[in-house]
Amino acid sequence: MNSVNLNYDPWQYLTVENFLSPERWEEIQDLARSEMEAYHNSKDLTISGKYIRYVDEDLLPESNVLYKEMERFIEPPKNVKKVLHWAVCPPNYTMPMHCDYPARFFTAVFYINPLESYGTILCENKTEYKEYKYPDCLKEILLNDREIEVPWKPNKVFAFNNLPRAWHYYKAGDEPRICIQSFFCDVDLILTGGSSKDELDYLIDVDPKYYD
């Protein structure tokens with residue numbers, strides 16, 4: 001793994017290029033090829049055509065150490081699990097601007113394919129997060145003061161500790177965009193109204209040494 005690049009503009013996040021060793025990178029690429037085939041054959045995509053598949057094993061344990069590389073904004077909850085899923089965005093897809101909901105206190109996104117695409121666009125926005133309902137909520141969100149893209153590159157990880165105004169979105173170019181998205185989650189917040197109840201079926205144990 002290359003060294004961590006810690007950034008603070010417009011809010012705190014980090015990136016690591018060449019994140020996995022060549023051997024591990026090849027393993028992930030083999031898995032990604034299977035997921036792309038599943039995406040092309042799937043009849044269970046989201047309304048917007050996005051492919052999501054949760055898994056119950058930690059495909060990216062290397063990302064766990066990154067939580068402690070950044071300032072914490074909340075104390076780690078007592079009931080912590082990891083949640084991980086594959087995500088394939090169809091060509092020219094855009095995920096609306098959002099904040100990760102409160103149960104997800106650490107996010108790591110691992111970019112895989114294609115060779116060229118869009119990364120994650122970070123927004124400087126003064127709107128405080130609440131459980132917005134899309135798309136009607138968009139009229140309640142202030143215009144962004146600035147936007148900064150975290151550039152796409154295969155075998156690169158982008159990670160952040162959740163903030164009240166960590167607004168961001170992502171999009172795909174002319175080819176499907178595949179990545180692994182993983183989160184440290186407060187299970188109690190999922191149970192009491194989290195917006196992704198499917199996560200409860202795919203909770204992964206994570207050693208407390210990574211977040212205590």
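I began at Ile121 and found it opposite Tyr169 of strand 10. This is a predicted model, and I read each entry below with that in mind.

**Strands 7, 8 and 10**

I looked up how strand 10 (residues 168-171) is joined to strand 7: the two run antiparallel, with three bridges between them. On strand 8 (residues 146-150) I counted five bridges to strand 7, again antiparallel. There Glu124 has Arg146 of strand 8 as its bridge partner.

Next I asked how many of the five residues of strand 7 are buried. Four are, so I noted strand 7 (residues 120-124) as largely enclosed by the rest of the structure.

I then traced an open sheet of seven strands, in the order 1-2-9-6-11-4-3, with antiparallel pairing. Strand 1 (5-7) and strand 3 (51-55) are at the edges; each has a single partner strand, so one side of each has no neighbour in the sheet.

Phe106 faces Asn161 of strand 9. Helix 1 (residues 22-41) packs on the sheet and touches strand 3, strand 4 (80-89), strand 6 and strand 11 (177-186). I recorded an angle of about 85° between the direction of helix 1 and that of strand 6.

**Cores**

Which residues have the most contacts inside the largest nonpolar core? I listed Phe19, Leu66, Trp86, Phe106, Phe110, Ile112 and Ile180, in a core of 33 residues. Among the elements giving two or more residues to this core are helix 1, strand 2 (13-16), strand 6 and strand 9. Apart from this core I found another, of 13 residues, including Phe158, Phe160, Leu163 and Cys179.

I went back to Phe106 for its contacts, leaving out neighbours within four places in sequence. The list includes Ser63, Leu66, Tyr67 and Met70, and also Ala159, Phe160 and Asn161. Ser182, Phe183 and Phe184 are on the list too.

**Asn113**

My last stop was Asn113, which lies in strand 6.

Technical notes:
Residues are numbered from 1 along each chain as its sequence is written. This is a predicted model: local features need pLDDT of at least 70, side-chain atom pairs count only at pLDDT 80 or more; totals for chains, interfaces and linings use all residues. Side-chain values use heavy atoms; hydrogens and water are left out. Two strands pair if DSSP finds at least two bridges between them. Contact means heavy atoms within 4.5 Å. Axes are lines fitted to C-alpha atoms, for helices over the stretch in contact, and angles run from 0 to 180 degrees between N-to-C directions. A nonpolar core is a set of buried Ala, Val, Leu, Ile, Met, Phe, Trp, Tyr and Cys residues joined through side-chain atoms within 4.5 Å. Buried means under 20% relative accessible area, exposed over 50%, partly exposed in between (1.4 Å probe, protein chains only).
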